[in-house]
Amino acid sequence: MTTWLKSLFGAKATHPSITIVSGLPRSGTSMMMRMLEAGGLPPITDNLRTADLDNPQGYYEFERVKKLDRGDTAWLATAQNRTVKVISALLQHLPATYEYKVIFIERHMNEILASQRKMLAHRQEDSEDLTDAEMTVLFEKHLREI
């Protein structure tokens with residue numbers, strides 16, 4: 001078992017921690033959440049965003065995460081010894097009150113962009129007229145900031 005898996009599933013930690021799964025959109029965060037759940041680490045999810053063609057096993061999202069930047073952090077008390085998906089832009093709003101283990105998913109940019117194009121096509125949504133090159137610049141800038 002790799003070191004990071006041992007730290008997640010090994011002996012009980014002396015301090016409870018919250019496992020955060022994060023990354024760019026379409027990077028594989030839902031798949032990682034599913035893997036952690038299968039390994040025995042319970043997720044926090046509200047199942048409001050249901051499985052679909054683009055994520056047939058579900059999105060593993062928790063709506064209150066989207067309010068971290070507005071100070072909605074009370075729910076984190078119930079997240080200890082569990083895992084929750086937090087979009088990368090909201091990582092900076094996690095309070096220092098808790099100990100976190102962050103799994104940040106990295107995926108090749110061309111795969112992320114292809115997956116995003118496919119998802120937008122399934123939903124018949126416009127990609128806001130941004131080219132892949134422009135999206136790459138925006139995503140890479142965001143990654144540097146994170």
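1. Let's start in the middle of the protein. The largest nonpolar core has 14 residues. I20, V65, L68, W75, L76, V84 and V86 are the members with the most contacts inside this core. Please keep in mind as you look around that this is a predicted model.

2. Which residues does W75 touch, leaving aside its neighbours within four places in sequence? The answer is F62, R64, V65, L68 and V84. Of these, V65, L68 and V84 are also named among the core residues with the most contacts. Apart from this core lies another one, of eight residues, and V21, L36, L41 and I105 are among them.

3. Now step back to the whole chain. The protein chain contains four helices and three strands, and along the sequence they follow the pattern α-β-α-β-β-α-α. Of its 146 residues, 37% count as buried. The chain exposes about 9,100 Å², and carbon and sulfur atoms supply 54% of that area. If you take the contacts between residues at least 6 apart in sequence, 68% of them join residues at least 24 apart.

4. The strands deserve a point of their own. As background, strands of a sheet pair through backbone hydrogen bonds, either parallel or antiparallel. Here, three strands make an open sheet with parallel pairing, in the order β2-β1-β3. The edges are β2 (83-85) and β3 (99-105), each of which pairs on one side only. On average, neighbouring strands of this sheet are turned by 25° against each other, direction ignored.

5. Strand β1, residues 17-23, pairs with β2 in the parallel sense over three bridges. Which residue of β2 is the bridge partner of I20? It is V84, and both I20 and V84 are listed among the residues with the most contacts inside the largest nonpolar core. Helix α2 (residues 29-38) packs on the sheet and touches β1, β2 and β3. The direction of α2 makes about 150° with that of β1.

6. Next, the charged side chains. In general, side chains of opposite charge can pair when their charged atoms come close. A search of the whole structure finds seven salt bridges. One of them joins E61 and R49, with the closest N and O atoms 2.9 Å apart. Both E61 and R49 lie in the loop between α2 and β2, so this pair ties together parts that are 12 residues apart in sequence.

7. R64 pairs with D72, and their closest N and O atoms are 2.7 Å apart. K141 and E145 both lie in helix α4 (residues 132-145), four residues apart, which is about one turn of the helix. K141 is partly exposed, with a relative accessible area of 43%, while E145 counts as exposed at 54%.

8. Y59 sits in the loop between α2 and β2. Why does Y59 count as buried? Its relative accessibility is 3%, and buried means under 20%, so Y59 belongs in that class. Leaving aside neighbours within four places in sequence, Y59 is in contact with R26, S30, R49, T50, D52, D54, K85 and R123. R49 in that list is also the salt-bridge partner of E61.

9. Finish with a residue at the surface. H108 lies in the loop between β3 and α3 (109-122). H108 is exposed, with a relative accessible area of 58%. The C-alpha atoms of H108 and S27 are separated by 8.3 Å, although these residues are 81 residues apart along the chain.

Terms used: Residues are numbered from 1 along each chain as its sequence is written. This is a predicted model: local features need pLDDT of at least 70, side-chain atom pairs count only at pLDDT 80 or more; totals for chains, interfaces and linings use all residues. Side-chain values use heavy atoms; hydrogens and water are left out. Two strands pair if DSSP finds at least two bridges between them. Helices (H or I, at least four residues) and strands (E, at least two) are DSSP runs, numbered from the N terminus. Axes are lines fitted to C-alpha atoms, for helices over the stretch in contact, and angles run from 0 to 180 degrees between N-to-C directions. Contact means heavy atoms within 4.5 Å. Buried means under 20% relative accessible area, exposed over 50%, partly exposed in between (1.4 Å probe, protein chains only). A salt bridge is a side-chain nitrogen of Lys or Arg within 4 Å of a carboxyl oxygen of Asp or Glu. A nonpolar core is a set of buried Ala, Val, Leu, Ile, Met, Phe, Trp, Tyr and Cys residues joined through side-chain atoms within 4.5 Å. Accessible areas come from the Shrake-Rupley method with a 1.4 Å probe; for residues, only the protein chains shown count as cover.
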